[in-house]
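Here are my notes on the model, in numbered points. Please read them with the structure open.

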Amino acid sequence: MLLLAAAFIVAFVLLLYMVSPLISPSPLKLAGAHVVVTGGSSGIGKCIAIECFKCGAFITLVARNESKLVQAKKEIEKYAINEKQVVICISVDVSKDYRQVENVIKQAQEKLGPVDMLVNCAGMAIAGTFEEIEIGQFTRLMEVNYLGSVYASRAVISTMKERRMGRVVFVSSQAGQLGLFGYTAYSPSKFALRGLAEALQMEVKPYNVYITVAYPPDTDTPGFAEENKSKPLETKLISESSSLCQPEQVAKVIVKDAIQGNFNSSVGSDGYMLSSLTCGMSPVTTITEGLQQVVTMGLFRTIALFYLGSFDSIVRRCMMQKQNCEQASKTD
Ligand SMILES: NC(=O)c1ccc[n+]([C@@H]2O[C@H](COP(=O)([O-])OP(=O)(O)OC[C@H]3O[C@@H](n4cnc5c(N)ncnc54)[C@H](OP(=O)(O)O)[C@@H]3O)[C@@H](O)[C@H]2O)c1
């Protein structure tokens with residue numbers, strides 16, 4: 001009887017594996033597609049643009065600094081696979097004014113046709129303790145990381161719905177999956193993208209438009225180097241529990257997931273565990289993904305509790321060190 005039940009479960013799981021690709025979105029063809037990458041002049045965004053260009057896409061790069069844009073364009077053009085491919089650059093601050101962003105998207109569509117894939121990668125990080133971070137920075141991070149993504153997505157979504165095709169990618173962060181010491185301003189701006197993505201996915205799925213939320217780990221980019229300048233010791237020690245990724249590796253994963261129409265995009269085993277743990281009510285793209293989440297949840301929560309314990313002890317140790325230093329300097 002037990003054997004029969006086991007055989008039934010195995011057969012059921014196998015059947016799910018087999019039908020899973022049938023209910024998944026059909027992959028987006030990047031050859032000839034128009035891909036807009038905000039934040040495409042540096043770091044992860046530039047590598048995403050290169051990855052798409054290598055597959056034959058036409059690219060629009062959006063960022064503020066014009067010389068960085070021109071430099072990135074030259075770099076990306078080296079990876080052309082045919083003579084028709086084009087990279088255009090548009091300078092705009094995505095966080096300031098919706099009309100400006102809408103105009104930029106219109107300009108890009110006039111030159112390269114309707115947008116097939118939008119990658120919202122423009123963003124910044126500020127780390128510090130809650131009392132240290134200037135109050136205006138809380139607003140700035142929400143403007144750049146969250147509203148910048150709302151504006152660009154709003155400017156492309158109607159056309160995607162009309163054409164019954166498209167991909168929108170939101171580049172969040174592992175700090176958009178869990179709150180860590182030092183990220184009281186940054187984390188909420190990345191968590192917000194997840195809420196936006198879930199709600200938007202439910203609206204646009206019937207129109208064959210798919211949303212991807214990417215949760216990159218610490219990645220070796222100019223933006224990361226800048227963030228490190230003000231990072232508290234606690235945040236650095238906690239971050240050391242996972243290794244530093246290269247932007248090329250992160251970009252490959254994001255582009256692959258966006259093509260497939262996967263809702264979650266994570267890098268490495270830590271990323272996989274975090275995404276499974278924090279899946280909540282987020283959509284699944286394949287039945288196998290859902291099954292994996294159900295099966296692994298208990299184990300991953302147990303591992304997570306050990307991580308949380310070690311993070312708390314890092315914070316406590318740093319606090320005691322600071323108190324000892326203060327006492328020593330008082331007695332001197
Ligand atoms: N690196 C990491 O460890 C890491 C980890 C997780 C998530 N992320 C996220 O990944 C994304 C890219 O990060 P990165 O490390 O590659 O950063 P980066 O090297 O600093 O690149 C950021 C890009 O965004 C553009 N940008 C910034 N603010 C903008 C604005 N207001 N309007 C238009 N463009 C703007 C920048 O160009 P201009 O300055 O010229 O505008 C640049 O092209 C960010 O959203 C970041 O939060 C990064």
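1. Some terms first. Two strands pair if DSSP finds at least two bridges between them. Helices (H or I, at least four residues) and strands (E, at least two) are DSSP runs, numbered from the N terminus. This is a predicted model: local features need pLDDT of at least 70, side-chain atom pairs count only at pLDDT 80 or more, and totals for chains, interfaces and linings use all residues. Residues are numbered from 1 along each chain as its sequence is written.

2. The sheet. Seven strands form an open, parallel sheet, ordered β3-β2-β1-β4-β5-β6-β7. Its edge strands, β3 (87–91) and β7, each pair on one side only. On average, neighbouring strands are turned by 15° against each other, direction ignored. Axes here are lines fitted to C-alpha atoms, for helices over the stretch in contact; angles run from 0 to 180 degrees between N-to-C directions.

3. The β2/β3 end. Five bridges join β2 (residues 58–63) to β3 in the parallel sense. Threonine 60 stands opposite isoleucine 88 in β3. Helix α3 (residues 66–77) packs on the sheet and touches β2 and β3. The direction of α3 makes about 165° with that of β3. Contact requires C-beta atoms, placed from the backbone, within 7 Å.

4. Alanine 214. This residue belongs to strand β6. Why is alanine 214 classed as buried? It has 29 other C-beta atoms within 10 Å. The cut-offs are 20 or more for buried, 12 or fewer for exposed, and partly exposed in between, with C-beta atoms placed from the backbone. Leaving out residues up to four places away in sequence, alanine 214 touches Val169, Val171, Ser172, Ile254 and Ser265.

5. Helix α9. The 14 residues of α9 (residues 247–260) should span 20 Å at 1.5 Å a residue, and the end C-alpha atoms are 20 Å apart, which agrees. The expected span is 1.5 Å times one less than the number of residues. Buried residues of α9 include Val250, Ile254 and Ala258. Their cover includes α2 (43–54), β4 (117–120), β5 (166–171), β6 (209–215) and β7 (264–266). Glycine 261 follows α9, with a positive phi near 80°.

6. The ligand. Its shell holds 31 residues, the closest being Gly39, Gly43, Asn65, Gly123 and Gly223. The elements giving two or more residues are α2, α5 (135–163) and α7 (222–228).

How values were computed. Contact = placed C-beta atoms within 7 Å. Near = placed C-beta within 6 Å.
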